[in-house]
Amino acid sequence: MLRMLRYLWPSPATAFGLTAAAVMVCLGGRACVVNGVVEVGGGRGRALARFFPRAMRFEAITLGHVVLGSSQAVLSRMRTHEQVHVRQFERWGVLFFPLYAGSSLWQLLRGRDPYRQNCFEREAFRAAGAGVNRAT
Ligand SMILES: [Zn+2]
């Protein structure tokens with residue numbers, strides 16, 4: 001029952017992630033399931049990152065129980081970090097998006113790095129160690 005709730009609570013984010021994952025697979029990305037999470041990486045999907053402003057580009061992103069990465073190597077390297085975000089989605093559900101944005105805004109208003117000082121990122125970086133590049 002608890003396991004089902006962990007998947008149900010963030011399901012809107014997961015649905016969005018699965019839609020993005022389907023686009024990546026259509027662009028040649030490869031999908032697999034690791035620890036109950038769909039991971040998609042590689043293919044020409046990384047070209048989509050060019051549409052984001054430089055400050056918002058990422059190597060990997062977690063959307064509920066879906067992790068999108070620029071390559072399989074990135075997914076492997078950032079797995080621990082992204083799995084922390086999966087646990088955060090399980091804890092906060094759809095509230096994760098506004099809470100994440102609020103934490104970034106709070107840090108920005110304090111003159112700090114809105115990414116590195118975001119409380120959700122700090123938790124993920126702590127779990128994964130400090131040697132992780134740009135991930136969300
Ligand atoms: Zn992150």
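Guide: Start with the rule. A salt bridge is counted when a side-chain nitrogen of Lys or Arg lies within 4 Å of a carboxyl oxygen of Asp or Glu. Side chains of opposite charge can pair when their charged atoms come close. Keep in mind that this is a predicted model.

Now apply the rule. Glu123 and Arg91 form a salt bridge, with their closest N and O atoms 3.7 Å apart. Glu123 belongs to helix H6 (residues 119–128) and Arg91 to helix H4, so this pair ties together parts that are 32 residues apart in sequence. Glu123 is partly exposed, at 26% relative accessible area. Arg91 is partly exposed too, at 45%.

By this rule, the count is five salt bridges. Another of them joins the side chains of Glu90 and Arg6, at 3.5 Å from N to O. Glu90 sits in helix H4 (residues 79–92) and Arg6 in helix H1 (residues 2–8), so the link spans parts 84 residues apart in sequence. Glu90 counts as buried, because its relative accessibility is 11% and the cut-off for buried is under 20%. Arg6 is partly exposed, at 31%. Salt bridges with shared partners join Arg6, Arg87 and Glu90 into one network.

Next comes the link to the sheet. Glu39 forms a salt bridge with Arg79, and the closest N and O atoms are 2.7 Å apart. Glu39 lies in strand S2 and Arg79 in helix H4, so the pair ties together parts that are 40 residues apart in sequence. Glu39 is buried, with a relative accessible area of 2%. Arg79 is partly exposed, at 24%.

Follow Glu39 into its strand. Cys32 stands opposite Glu39 in S2. Val33 has Val38 of S2 as its bridge partner. Five bridges join S1 to S2 (residues 37–41), and these two strands run antiparallel. S1 and S2 make a hairpin with two residues between them. In the turn, Asn35 has a positive phi of about 55°.

Four strands form an open sheet, in the order S1-S2-S4-S3, with mixed pairing. S1 (30–34) and S3 (60–63) are at the edges with a single partner strand each, so one side of each has no neighbour in the sheet. From one strand to the next, the twist averages 20°. Helix H2 (residues 11–26) packs on the sheet and touches S1, S2, S3 and S4 (66–69). The direction of H2 makes about 35° with that of S4.

Methods: Residues numbered from 1 in each chain as written. Predicted model: local features only at pLDDT ≥ 70, side-chain atom pairs only at ≥ 80, totals over all residues. Heavy atoms only, no water. Pairing = 2+ DSSP bridges. Axes fitted to C-alpha atoms, helices over the stretch in contact; angles between N-to-C directions. Contact = heavy atoms within 4.5 Å. Buried < 20%, exposed > 50% of the residue type's maximum accessible area, 1.4 Å probe, protein only.
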